[in-house]
Amino acid sequence: CPPRRPDFQPPRRSARQSAWQIAVAADAGKLAAGDYLWDSGRVEDSDSLHHAYAGPPLHARQRCWWQVRLWDEAGEASPWSAPAWWEMGLLEPSDWQAAWITPGWYEDTRAAEPCPLLRRVVDLDGPIASARLYVTSLGLYAARINGQPVSDWAFTPGWTTYQHRLQYQTFDVTGFLQSGANTLAVTLGDGWYRGYLGFQGARNHYGDHLALLLQLHVVYADGREAVIGS
């Protein structure tokens, strides 16, 4: 949660930050009313980056609204920034209701194979207020909903030491879904996980079988929630 936003412009040249304050609330209304989860208070400090949230523990998928203001070298305060928000991801293994799945055919892992496409149709029974897609893979993945890519990101989930750490991505897919039938489709690729690595010239450095972990969390307009998992 950085204590400076790009929409704040100092009123003159050579202005210098002397202090900052961050306020965090559970929703926009509480932020406006001063009903905070955490208020840093005025902190005498010229550093404008990497000030961590220090309030009560947050839970998976929780959205938090925040604002920041600064003081200059003369002790004059800026206005509060426009409200902004962040959203927590899935924090514990128990937050994942999905399970790993793999392509259902034999592969000769000694050579490059065609990219498998994993596909599922899900029925949603009402207007949708919000939806998040949490997804990762062993190998690379490209996810689509109803034929549309969920993002323009490439080479997801990224190159890591897969035995020890695996990144996942979260996408806001509210606008991709509709009441009724929806098609989830994910193409998997070898990538760094089991493809040829230039510095080794060999395959299957981290593993030899592709896999997908995907969880779609839907909140309906009437407040009901649904979780669809691989």
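I began with the second largest pocket, where β7 supplies the largest share of the lining, three residues. A pocket is, on a 1 Å grid over the protein atoms alone, an open set of points where a 1.4 Å probe fits, with protein on both sides within 12 Å along at least five of seven lines; lining residues have an atom within 4 Å of a point. Strands are DSSP runs of E, at least two residues, and helices are runs of H or I, at least four, numbered from the N terminus.

This is a predicted model, in which local features need pLDDT of at least 70 and side-chain atom pairs count only at pLDDT 80 or more, while totals for chains, interfaces and linings use all residues. Residues are numbered from 1 along each chain as its sequence is written, and side-chain values use heavy atoms, without hydrogens and water.

I noted a volume of about 160 Å³ for this second largest pocket, the space filled by probe spheres set on grid points joined across faces, edges and corners. I found His59, Arg61, Glu87 and His217 among its lining residues.

I then turned to Arg203, which lies in the loop between α2 (191-194) and β12 (211-220). I recorded Arg203 as buried because its relative accessibility is 11% (buried is under 20%, exposed over 50%, partly exposed in between, with a 1.4 Å probe and protein chains only). Beyond four places in sequence, I listed its contacts (heavy atoms within 4.5 Å), including Thr109, Asp190 and Tyr196. I read 3.2 Å from the side chain of Arg203 to the backbone oxygen of Thr109.

Definitions and conventions:
Polar contact = N/O pair within 3.5 Å; in protein donor to acceptor, adjacent residues only side chain to side chain.
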